[in-house]
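Biologist: Please take a close look at one part of this model, the place where the two chains meet. I would like a connected account with the criteria stated.

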There are 2 protein chains.
Amino acid sequence: MNEAQTRQATLANPPAHDRVYRGMRLQIMHGELLPGQALTLRGIGKQFGVSMTPAREALRRLTAEGALTLSASGRVATPELSNDRIEELAQIRALLEPELASRALRRAHLALIDRMESINEANARAIRLQNPVEYIRTNLEFHRTLYLRAQSPAILGLLETVWLQLGPTMRALYTRLRRTTAPPHHRLILEALRAGDDAALRLALRTDVTQGLRHLQG
Amino acid sequence: MNEAQTRQATLANPPAHDRVYRGMRLQIMHGELLPGQALTLRGIGKQFGVSMTPAREALRRLTAEGALTLSASGRVATPELSNDRIEELAQIRALLEPELASRALRRAHLALIDRMESINEANARAIRLQNPVEYIRTNLEFHRTLYLRAQSPAILGLLETVWLQLGPTMRALYTRLRRTTAPPHHRLILEALRAGDDAALRLALRTDVTQGLRHLQG
DNA sequence: TCTGTGGATTTGTGATCACATTTGTCCATG
DNA sequence: CATGGACAAATGTGATCACAAATCCACAGA
């Protein structure tokens, strides 16, 4: 019938628990939180101006996606990943991302490549400015821009949960080894896209993914 | 007014929301619910003898894993997957499961293969008895028994969420085409395991996964 | 037979509270 | 200086309630 969203004056259309979820999700994926950071229901609730109930639902949702870990006493915190687990998550990325890139290749037109190019420049800028959050954000946006063309929401959705799990760890990685040069494989990815070379594209993504996380081992 | 909180202090029992989650999860993964089945918080609460709060947390968790879909009005139901989505999920299985099998191959000893053999016989029995839930259950157990040896909890966890999403659909598939013979690829999997042939094992799993879901298309 | 319209019922959402348990702090004791 | 125990604060859990929106259903009108 009437599609008018005449919600209560206090809040906008999206439910409170969804706003909390989205906000926390961005913070985690972009590496704004360090590994092992503890979170409380009342604290999150206060931060977003809601009660415990929506905060609880948001955190439950995030723990279900692996973005947060649940201690035995029910306390939530950002995960501190073991080396084995990092290797597993990197392997998942190495399996899914070449597939998504290959699916996107057929649909990739010039405007898309240009957009990725400009995102890559923003990424290089973030490195110059030593801004970890912006570096992670633009790096993920570079990949996501390509994968959105794959028209494969299920695979992309699963991949994003993997990124979520790696968020705090990637932040810790960045601050530990302060990189000064842009990731070299982004150029290879763009070249393979322009050439329409499927094999080269898959290889470039596999190396970009595994290389970036190999530094964390040890 | 329920004055009997009856928390049974110091009795190490899982929280209510966790019990609800596990129960619903099994029902979904084993195909006890058909696609499109609607669920209500109060209904689930009554079914498990708890209030709305734990039921809400359990359903939120399951929707986060893709086991349930959330309508615009906030109602939850088992997913009705499109053909495209089924193809995507099958592709994910085709990528992850050969990898898990390969990792398990090095650690697979004779007792494991024997156990898989007996599970496979239970699977064939379920087919003879035309029992869809038991068929799905033993089929998943066959795969999981192998993958547990891979010692890769992150990959296996991700894969299980894919199985979850396919649960109701696999049930619908089964009742639609009433299979009468056991899946032929399980034998190939067992043979490749005995021979220690990595390439053959990967291939057997890829075909087992894609073949089983190809029937659903159209 | 079909349609839409009104009200009654069902349902999800968010706040609040009681309670058991965990965690933190401080001080006495060895 | 280290250790442990008692007390206080903090925290997750689950029940309950009010409320608005969505859904359902009977019934009148075309």
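Modeller: What follows describes the interface of chain B and chain A. This is a predicted model, in which local features need pLDDT of at least 70 and side-chain atom pairs count only at pLDDT 80 or more, while totals for chains, interfaces and linings use all residues. Residues are numbered from 1 along each chain as its sequence is written, chains are lettered from A and ligands numbered from 1 in the order in which they are written, and side-chain values use heavy atoms, with hydrogens and water left out.

The contact (heavy atoms within 4.5 Å) takes 26 residues from chain B and 26 residues from chain A. The buried area, meaning the accessible area (1.4 Å probe) that the two parts lose on being put together, summed over both, is about 2400 Å², and carbon and sulfur atoms give 62% of that. In chain B, the residues that lose the most area to chain A are Arg60(B), Glu88(B) and Leu158(B), together 25% of what that side buries.

For salt bridges, the rule asks for a side-chain nitrogen of Lys or Arg within 4 Å of a carboxyl oxygen of Asp or Glu. It finds 6 of them across the interface of chain B and chain A. One of the salt bridges joins Glu57(B) to Arg56(A), with the closest N and O atoms 3.2 Å apart.

On the side of chain B that touches chain A, helix H3 (52-64), helix H4 (83-105) and helix H7 (153-177) of chain B each supply at least two residues; helices here are DSSP runs of H or I, at least four residues long, numbered from the N terminus. H4(B) gives the largest share of that side, 10 residues. By type, the residues of that side of chain B are 10 nonpolar, 6 polar and 10 charged.

In chain A, Gln91(A) lies in helix H4 (residues 83-105). Its relative accessibility is 16%, so Gln91(A) counts as buried (under 20% relative accessible area, 1.4 Å probe, protein chains only). Leaving aside neighbours within four places in sequence, Gln91(A) is in contact with Arg206(A), Glu99(B), Arg103(B) and Ile155(B).

The same surface serves both copies, since 100% of the contact residues of chain B recur in chain A.

Conventions: Nonpolar A, V, L, I, M, F, W, Y, C, P; charged D, E, K, R; others polar. Buried < 20%, exposed > 50% of the residue type's maximum accessible area, 1.4 Å probe, protein only.
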